[in-house]
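Here is a short report on one protein model. Look at the sequence and the 3D view first, then read on.

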Amino acid sequence: MKELNKEMEIEKLHAQMRRCNKCHLYKTRTSVVCFGGDYHAKIMMIGEAPGANEDREGEPFSGKTGKLLFEIFREAGFKREHFYITNVLKCRPTKDNAGQIDRQPTMWEIDACYHFLEKQIALLRPKIIVTIGNTALKTLFNTPLSITKIHGRVMGFKQYEQLIPVIPMYHPSYIERNGGHYSKQKREMLEDIRVLIRIIKELVKEKREKKEKENIESYMNA
Ligand code: SF4
């Protein structure tokens, strides 16, 4: 898909999200949190759902835990712009539906919203997906294993003919609950980010080899 068409299609999809009232969360949201970062990014990051701050600002991972997440990524050399960031749910789920206490999304809400995530992946065609926390992992994969067992293990998400590598990572609120920057979970996350760097290097190598092969072929046929 040409870049301009791709941008138009993504904008169209974001506009559909902003108008969506497919589940009851539309009644209590302030914003529909479509995406953050850069939609030209090769890595897609998928979190759970907007919290209070994200709902107010319309930007995923913009609150306190999002700050922690990107401080950790920054230590490993990544910036927010290296990702297209989204969530499984685009509207904030709260315990009392009155904006007081956040809660996990229900299966019903995830089912109602999943078609948007599917279209985001199809349109953006990310080279790598990073899932953040249990909900994103379990939305993409039917696995009984929780994030504490499976983080850092490369999985494959099949879309059309493409198998996209997926690296599950901890949610920053879990890291924060366990001591933030001083926790064992943060060190484990940095290890998981090294897995991400390894995959990027493999993709760069593959691209270089493909280019070399094409150059050799065009030289031989000239
Ligand atoms: S959470 Fe998803 S399905 Fe529910 S209203 Fe928001 S955009 Fe629509």
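How many bridges join β2 to strand β3, and do they run parallel or antiparallel? Five bridges join β2 to β3 (residues 83–87), and the two strands run parallel. Strands here are DSSP runs of E with at least two residues, while helices are runs of H or I with at least four, all numbered from the N terminus. Two strands pair if DSSP finds at least two bridges between them.

Some ground rules come next. Residues are numbered from 1 along each chain as its sequence is written. The model is predicted, so local features need pLDDT of at least 70, side-chain atom pairs count only at pLDDT 80 or more, and totals for chains, interfaces and linings use all residues.

**The sheet**

Six strands form an open sheet. Their order is β1-β3-β2-β4-β6-β5, and the pairing is mixed. β1 (36–37) and β5 (155–159) stand at the edges, each with a single partner strand, so one side of each has no neighbour in the sheet. Helix α8 packs on the sheet and touches β4 and β6. The direction of α8 makes about 160° with that of β6. Axes are lines fitted to C-alpha atoms, for helices over the stretch in contact, and angles run from 0 to 180 degrees between N-to-C directions. Helix α4 lies across β2, β3 and β5. α4 runs at about 165° to β3.

Strands of a sheet pair through backbone hydrogen bonds, either parallel or antiparallel. β2 also has four bridges to strand β4 (residues 128–132), and these two run parallel. Particular partners can be named. I43 stands opposite F83 in β3. I46 has T86 as its bridge partner in β3. On the β4 side, M44 is partnered by I129.

**Strand β2**

Why is β2 described as largely enclosed by the rest of the structure? Five of the five residues of β2 (residues 43–47) are buried, so the strand is largely enclosed. A residue is buried if 20 or more other C-beta atoms lie within 10 Å of its own, exposed if 12 or fewer, and partly exposed in between; C-beta atoms are placed from the backbone. In a regular strand the side chains alternate between the two faces of the sheet. In β2, I43, M45 and G47 point one way, and M44 and I46 point the other way. All of them are buried.

**Helix α8**

Helix α8 (residues 184–221) has 38 residues. At 1.5 Å a residue it should span 56 Å, and its end C-alpha atoms are 56 Å apart, which agrees. The expected span is 1.5 Å times one less than the number of residues. Q185, K186, M189, I193 and L196 of α8 are buried. The buried residues of α8 pack against α3 (64–75), β4, β6 (162–169) and α7 (172–177). Contact means that the C-beta atoms of two residues, placed from the backbone, lie within 7 Å.

**Around the ligand**

Which residues are closest to the ligand? They are C20, K22, C23, C91 and C113, and 14 residues surround the ligand in total. To be near, a residue needs its C-beta atom, placed from the backbone, within 6 Å. The shell divides into ten nonpolar, one polar and three charged residues. Ala, Val, Leu, Ile, Met, Phe, Trp, Tyr, Cys and Pro count as nonpolar, Asp, Glu, Lys and Arg as charged, and the others, Gly among them, as polar. Helix α4 (residues 107–124) gives the most to this shell, with three residues.

| Residue | Burial | Other C-beta atoms within 10 Å |
|---|---|---|
| F61 | buried | 27 |
| D55 | buried | 25 |
| P93 | buried | 24 |

Most residues other than glycine have a negative phi, and most peptide bonds are trans. F61 has a positive phi of about 50° although it is not a glycine. F61 lies in the loop between α2 (52–57) and α3. Y160 also has a positive phi, near 50°. Y160 sits in the loop between β5 and β6.

D55 lies in helix α2. Leaving aside neighbours within four places in sequence, D55 is in contact with R29, T30, S31, V33, P50 and R92. P93 lies in the loop between β3 and α4. The C-alpha atoms of P93 and R103, ten residues apart along the chain, are separated by 5.9 Å.
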